Amino acid sequence: MRVLLTGAAGFIGSHLCEYLLDRGCEVVAMDNFITGSADNLVEVHDRRGFSFVEHNVTQHIDVEGPLDWVLHFASPASPLDYLELPIQTLKVGALGTHNALGLSRAKQARFLLASTSEVYGDPLVHPQREDYWGNVNPVGPRGVYDEAKRFAEAMTMAYHRVHGIDTRIVRIFNSYGPRMRLNDGRAIPAFMTQALRNEPLTVFGDGSQTRSFQYVSDLVDGVWRLLERGTSEPINIGNPQEMTLLELAKRILRLTESRSEIVFRPLPVDDPRVRQPDIARARARLGWEPRVDTDEGLKLTVEWFKKKLGRR
C-alpha cells in the first residue's frame with residue numbers, strides 16, 4: 001500500500017509514519033515545517049519505503065506514481081499555533097484539503113481527513129457524539145481552526161458524494177506523547193516543561209474545565225482501523241477518561257516530583273468548558289478503544305521531556 005501523508009513531520013504525523021512503515025506500507029511524507037520538525041522523522045528517514053517531499057499543501061500537489069491512500073494531517077494544531085498563524089490555518093484547512101482531495105481523485109486513491117474535536121466548539125452536549133453539530137464561534141480567535149476543520153469535513157463529504165471518492169473523517173480528541181514541542185502551548189507539554197524546570201504551572205481559569213487525553217499509540221491504532229474498516233461517517237477517536245485541567249496539573253507535579261507551584265491566569269476567549277468523546281461508534285465499527293492508561297502514558301511522556309530538556 002502506497003500512502004501520501006501530509007503533515008508528516010508533526011507530532012502525530014511522525015508517529016503515523018512509523019506505524020504505517022511497520023505494517024509494510026510505502027510512505028510518501030509531505031511537510032513544509034511550519035510547525036513540524038525534521039527531527040521527528042530522524043528514526044524513519046532511512047527506512048525502506050520512506051520518502052520525503054518538502055511542500056506547502058496550499059499549493060498544487062503532484063506526486064509521481066500511484067497512490068492507494070491520501071492522509072491529510074497537515075495543519076497547525078495548538079491554540080498557540082493557530083492564534084499566531086490564523087490565515088495559514090484557514091488556508092491549509094480549505095485550500096490544502098481541496099488540493100489533497102484533488103490528488104486523491106486524480107490518483108483514484110482513498111482519502112482520510114484528520115479532523116478534530118474542536119469542530120464541536122464549546123459543546124452544549126456532553127459527552128460529544130458524532131451526530132452533534134457543535135457550538136462554534138465563527139468570528140472568535142479560535143474560529144480559524146474550528147471552522148477550517150468544519151469546512152474540511154464538508155469538502156471531504158462533497159467529494160465523496162459528487163465524485164464517489166472513498167473517504168474517512170477522524171475526529172481526534174486531545175492526544176499526547178513523545179515528540180510534542182516544548183513550546184506547543186497545549187496543557188501537557190506546557191505543564192511538563194514548567195514542572196521539569198521548577199517553574200510555576202500556568203492553569204487558565206480556575207482549572208475546572210475538562211479534557212480527555214489519549215496516548216499517541218492509541219490514536220494511530222484508531223486511524224489504522226479506520227483505514228481498514230471505516231465508512232464515510234465521522235468517527236471520534238479519543239479517550240473518554242475525563243479530568244479537569246487542575247487535576248492534570250497535580251498529576252504531572254506528582255509524576256515529575258516538581259517543586260513548582262500552580263498559578264492561575266484568565267481563561268482564554270472561547271476556551272471549551274468540557275471535552276469528552278462518545279466512542280460508541282469507534283467501539284462498534286472499528287473494535288477500537290484506548291488501551292494506554294493516562295498515568296502510564298504521562299510517565300512515558302515525562303521521560304521523553306526529561307531527555308529533551310537534559311534532565312535526569
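1. Let's start with Arg142: with a relative accessibility of 9%, this residue counts as buried, since the cut-off for that word is under 20%. Keep in mind as you read that the model is predicted. Where does Arg142 sit? It is in the loop between β5 and α4.

2. Now for the partner of Arg142. Its side chain meets that of Glu118 in a salt bridge, at 3.0 Å from N to O. Glu118 belongs to the loop between β5 (110-116) and α4 (143-163), as does Arg142, so the pair ties together parts that are 24 residues apart in sequence. Glu118 is buried too, at 11% relative accessible area.

3. Glu118 has another salt bridge to show you, with Arg275, and there the closest N and O atoms are 3.2 Å apart. This pair links distant parts of the chain: Arg275 is in the loop between β13 (262-265) and α8 (280-286), and 157 residues separate it from Glu118. Are these two residues buried or exposed? Both Arg275 and Glu118 are buried.

4. Next, have a look at two helices. Asp295 lies in helix α9 (residues 294-309) and Arg251 in helix α7 (residues 245-256). The two residues form a salt bridge, with 3.2 Å between the closest N and O atoms. The pair therefore ties together parts that are 44 residues apart in sequence. Asp295 is partly exposed, at 29% relative accessibility, whereas Arg251 is buried, with a relative accessible area of 12%.

5. You'll find it in strand β2 (residues 26-31). Asp31 is buried yet has no salt bridge. How far away is the nearest side chain of opposite charge? That is Arg181, at 9.8 Å, while a salt bridge needs the atoms to be within 4 Å.

6. So what does the side chain of Asp31 reach instead? One spot is the backbone nitrogen of Ala9, at 2.9 Å. Another is the backbone nitrogen of Phe33, at 2.7 Å. Leaving aside residues up to four places away in sequence, Asp31 touches Gly7, Ala8, Ala9, Gly10, Gly36, Phe52, Val53, Glu54 and His55.

7. Lys91 gives you another residue to check. Its place is in helix α3 (residues 86-107), and at 36% relative accessibility it counts as partly exposed. If you skip residues up to four places away in sequence, Lys91 touches Thr58 and Gly96. Its C-alpha atom is separated by 35 Å from that of Arg291, which is 200 residues away along the chain.

8. Finally, zoom out. The protein has 9 helices and 13 strands. Its radius of gyration is 19 Å, close to the 20 Å that the globule rule gives for 312 residues, so the protein is as compact as a globular protein of that length. Along the principal axes, the C-alpha trace spans about 55 × 45 × 40 Å.

9. Of the 312 residues, 56% count as buried. Among contacts between residues at least 6 apart in sequence, 81% join residues at least 24 apart. The accessible surface comes to about 13700 Å², and 49% of that belongs to carbon and sulfur atoms.

Conventions
Residues are numbered from 1 along each chain as its sequence is written. This is a predicted model: local features need pLDDT of at least 70, side-chain atom pairs count only at pLDDT 80 or more; totals for chains, interfaces and linings use all residues. Side-chain values use heavy atoms; hydrogens and water are left out. Helices (H or I, at least four residues) and strands (E, at least two) are DSSP runs, numbered from the N terminus. Buried means under 20% relative accessible area, exposed over 50%, partly exposed in between (1.4 Å probe, protein chains only). Lys and Arg count as positive and Asp and Glu as negative; His and the chain ends are not counted. A polar contact is a pair of N or O atoms within 3.5 Å; within protein, one must be able to donate a hydrogen and the other to accept it, and residues adjacent in sequence count only if both atoms are side-chain atoms. Contact means heavy atoms within 4.5 Å. The radius of gyration is taken over C-alpha atoms; the globule rule is 2.2 Å times the number of residues to the power 0.38. Accessible areas come from the Shrake-Rupley method with a 1.4 Å probe; for residues, only the protein chains shown count as cover.
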